[in-house]
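Q: I would like to learn how to read a few features of a structure. Please take them in turn.

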Amino acid sequence: MKEAKIFPKHEVISVHTGRKTFATLSLEKGIPAETVMKITRHSDYKSFQRYIKVTE
């Protein structure tokens, strides 16, 4: 029998996940990519583009 463990979200969600979510949601809300890149400190668009996932 498996034992389920419950953890607070802040213990299982990484900073990377939060940063990625922020970038994606910001773009979906219409904030320009250049602005989001400044906030997330991405220096080039190629690396930033791999980092985000924009939905339809």
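This is a predicted model: local features need pLDDT of at least 70, side-chain atom pairs count only at pLDDT 80 or more; totals for chains, interfaces and linings use all residues.

Q: Is alanine 23 buried or exposed?
A: Residues under 20% relative accessible area count as buried. Alanine 23 has 0% relative accessibility, so alanine 23 is buried. Its place is in helix H2.

Q: Which residues does alanine 23 touch, leaving out those up to four places away in sequence?
A: On that basis, alanine 23 touches Val36, Thr40, Phe48 and Ile52. Val36, Phe48 and Ile52 are also among the residues of the largest nonpolar core. A further spacing concerns threonine 35, which is twelve residues from alanine 23 along the chain; their C-alpha atoms are separated by 9.9 Å.

Q: Where does phenylalanine 48 lie, and what does it touch?
A: Phenylalanine 48 lies in helix H4. With a relative accessible area of 0%, phenylalanine 48 is buried. Not counting residues up to four places away in sequence, phenylalanine 48 touches Ala23, Leu27, Ala33, Val36, Met37, Thr40 and His42. Phenylalanine 48 and lysine 20 are 28 residues apart in sequence, and their C-alpha atoms are 9.5 Å apart in space.

Q: How is a pair of aromatic rings described, and how many aromatic pairs are counted here?
A: A pair of aromatic rings is described by the distance of the centres and the angle of the planes. Here the count comes to one aromatic pair. Tyrosine 45 and phenylalanine 48 form this pair, with 6.1 Å centre to centre and 50 degrees between the planes. The pair is classed as tilted, because planes under 30 degrees apart count as stacked and those over 60 as edge-to-face.

Q: Why are tyrosine 45 and phenylalanine 48 separated by about one helical turn?
A: The two are three residues apart in helix H4, and therefore about one helical turn separates them. As for burial, phenylalanine 48 is buried, whereas tyrosine 45 is partly exposed, at 44% relative accessibility.

Q: Which residues form a nonpolar patch on the surface?
A: Phe7, Val12 and Ile13 form such a patch, and together they have about 300 Å² of accessible area. Isoleucine 13 is in the loop between helix H1 (9-12) and helix H2 (15-28). Because its relative accessibility is 47%, isoleucine 13 counts as partly exposed.

Q: What is the phi of arginine 41, and where is this residue found?
A: Phi of arginine 41 is near 65 degrees, a positive value in a residue other than glycine. Arginine 41 is found in the loop between helix H3 (33-40) and helix H4 (45-51). At 75% relative accessibility, arginine 41 counts as exposed.

Definitions and conventions: Residues are numbered from 1 along each chain as its sequence is written. Side-chain values use heavy atoms; hydrogens and water are left out. Helices (H or I, at least four residues) and strands (E, at least two) are DSSP runs, numbered from the N terminus. Buried means under 20% relative accessible area, exposed over 50%, partly exposed in between (1.4 Å probe, protein chains only). Patches are made of residues with over 30% relative accessible area and no salt bridge: like charges are joined within 9 Å, nonpolar side chains (Val, Leu, Ile, Met, Phe, Trp, Tyr) within 5 Å. Accessible areas come from the Shrake-Rupley method with a 1.4 Å probe; for residues, only the protein chains shown count as cover. A salt bridge is a side-chain nitrogen of Lys or Arg within 4 Å of a carboxyl oxygen of Asp or Glu. Contact means heavy atoms within 4.5 Å. A nonpolar core is a set of buried Ala, Val, Leu, Ile, Met, Phe, Trp, Tyr and Cys residues joined through side-chain atoms within 4.5 Å. Rings of Phe, Tyr and Trp (its six-membered ring) pair if their centres lie within 6.5 Å; planes under 30 degrees apart count as stacked, over 60 as edge-to-face and the rest as tilted.
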